[in-house]
Amino acid sequence: MAKRVYEVWKGNNKFLIGGRLLFGPDARSLLVTISLILVPVVIFCVFVARHLLHQFAAYNTGYAVLIVAIVFTLYVLALLLITSAQDPGIVPRASHPPEEEFSYDPSVTGDIGGRQTPGLQFPRTKEVFVNGRPVRIKYCDTCMLYRPPRCSHCSICNNCVQRFDHHCPWVGQCIGQRNYRYFFMFVSSSALLCVYVFAMSALYIKFLMDGDYPTVWKALKHSPASIILMAYCFIAMWFVGGLTGFHLYLIGTNQTTYENFRYRADNRPNVYDQGCISNFLEVFCTKTSPSRNKFRAYIQEESFNNRLQVPRPHDLVEEDDSGGDPRAKVEDDLELGGDLLKISRRRNYEEFEGDDDDEEAQQDDGLGLPVSQFPDNEPDNGQNVSRGRRGMSWEISPLEGVTSMRKESHD
């Protein structure tokens, strides 16, 4: 029976409702985040808002205090689920390295199995232009593709994510191109909810002091829930409020958290900055791009033989014009293919001059900010561009090696 894409997904994501909802591998942290929102609001509704129902005589406006708290909480929870349960902008993996970039270099050979074999050359970086400025993009070994600008590979989700910002443990999902807007709205709305609960709790203390409890101590003693909520919201405001301000700065300068931490001390020009107003319009007023992954689609039964025609023994014999034993020729070709496979599995990262610590995005701190990350796609000023100068080995099938070797022999 044919399987769906989400059933054979190679990332670390978790799927629910038949692949309709996509979560990160740490989706259980959502329960903690939801409880940190719901528990204080329930306490507020029971011990504070209920007593404010009749404090505003005109038009019974006291009911609005309770209604606003409930509706606002549902709104925050909806933003949390939208942020966490959708594709953040995952770049689909390739089934094999880009063939147009793959080449053999006869000048670089390796002695495998007692014979000289050509070296496999593969550029580790490429150069593209963004707003007229060169940007270096790097090859992802896991996804077998060149990462688009502002894309990075998250080691937690094991996916390349477009416009990668960070991996947030409180949301249990990567924050990228498709869910960054909702993440910011969730954080800012949580900050406003803290302000609202704090203000209404303080107002209830004021009403108590105007009534039968003239001192602050007596009012707090009568309603300990109010002081607990005020203390909780004050502490939470330092986190979500500070995070809101930080992301307002990032949006205004068109940066990601990832880029900000990497370029903080480099003083490099930001090639993505289009001006404050245009940057805000880009985040909040552009249509969310559709997901590039069809998680519920059935996997087409595309045989490996359709993608790479497997030569039969007599096919190899027909190509043999050396006049030797056909069977020996077949065996020799297959041995050469195995040798090339061994060569292709070498990973010589020591020769690469780029940043070695940029491969995987690390988990962030308590504020949702990355602890140690460096960007994979760096604007280049013409000094650090490396275009295909390094030989790199990639995994290919033995038969691909046979085909390539035979082309070399005819050439």
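Helices in this predicted model are DSSP runs of at least four residues, numbered from the N terminus.

**View 1. The salt bridge of Lys 206 and Asp 210 in helix H3.** Three salt bridges are present in the structure. In the one shown here, the side chains of Lys 206 and Asp 210 meet at 2.7 Å, N to O. Both residues belong to helix H3 and are four residues apart, about one turn of the helix. Lys 206 has a relative accessible area of 43% and is partly exposed, whereas Asp 210, at 52% relative accessibility, counts as exposed.

**View 2. The salt bridge of Asp 141 and Arg 124.** The side chains of these two residues form a salt bridge, with a distance of 2.9 Å, N to O. Distant parts of the chain are linked by this pair, which is 17 residues apart: Asp 141 is in the loop between strand E6 (133-140) and strand E7 (145-146), and Arg 124 is in the loop between strand E4 (115-121) and strand E5 (125-130). Asp 141 and Arg 124 are both buried.

**View 3. The salt bridge of Arg 150 and Glu 259.** The closest N and O atoms of this salt bridge are 2.8 Å apart. Arg 150 is in the loop between E7 and strand E8 (152-154), while Glu 259 is in helix H6, so the pair ties together parts that are 109 residues apart in sequence. Both Arg 150 and Glu 259 are buried.

**View 4. Aromatic rings of Trp 9 and Phe 15.** Across the whole structure, a search finds 11 aromatic pairs. In the pair formed by Trp 9 and Phe 15, the ring centres are 6.4 Å apart and the planes lie at 80°, so the arrangement is edge-to-face. Trp 9 and Phe 15 are both buried. Together with Tyr 6 and Phe 295, these two residues form one aromatic cluster.

**View 5. Aromatic rings of Phe 164 and Tyr 258.** The ring centres of this pair are 5.4 Å apart with the planes at 85°, and the pair is therefore edge-to-face. The two residues, 94 residues apart, link distant parts of the chain: Phe 164 is in the loop between strand E9 (159-161) and strand E10 (166-168), and Tyr 258 is in helix H6 (residues 257-263). Phe 164 counts as buried at 0% relative accessibility, and Tyr 258 counts as buried at 3%.

**View 6. A nonpolar surface patch with residues of helix H5.** Phe 198, Phe 234, Ile 235, Trp 238 and Phe 239 make a nonpolar surface patch of about 580 Å². Helix H5 (residues 224-253) contributes the largest share of the patch, four residues. Trp 238 lies in helix H5 and counts as exposed, at 62% relative accessibility.

**View 7. Cysteines without a disulfide.** A search of the whole structure finds zero disulfides. The cysteine sulfur closest to that of Cys 154 belongs to Cys 174 and is 3.4 Å away, too far for a bond, because a disulfide requires sulfur atoms within 2.5 Å. Cys 154 is buried, with a relative accessible area of 0%. Cys 285, in contrast, counts as exposed at 56% relative accessibility.

Methods: Residues numbered from 1 in each chain as written. Predicted model: local features only at pLDDT ≥ 70, side-chain atom pairs only at ≥ 80, totals over all residues. Heavy atoms only, no water. Buried < 20%, exposed > 50% of the residue type's maximum accessible area, 1.4 Å probe, protein only. Patch = residues over 30% accessible without salt bridge, like charges linked within 9 Å, V, L, I, M, F, W, Y side chains within 5 Å. Areas by Shrake-Rupley, 256 points an atom, 1.4 Å probe, with all protein chains shown as cover. Salt bridge = Lys/Arg side-chain N within 4 Å of Asp/Glu carboxyl O. Phe/Tyr/Trp six-rings, centres within 6.5 Å; stacked < 30°, edge-to-face > 60°.
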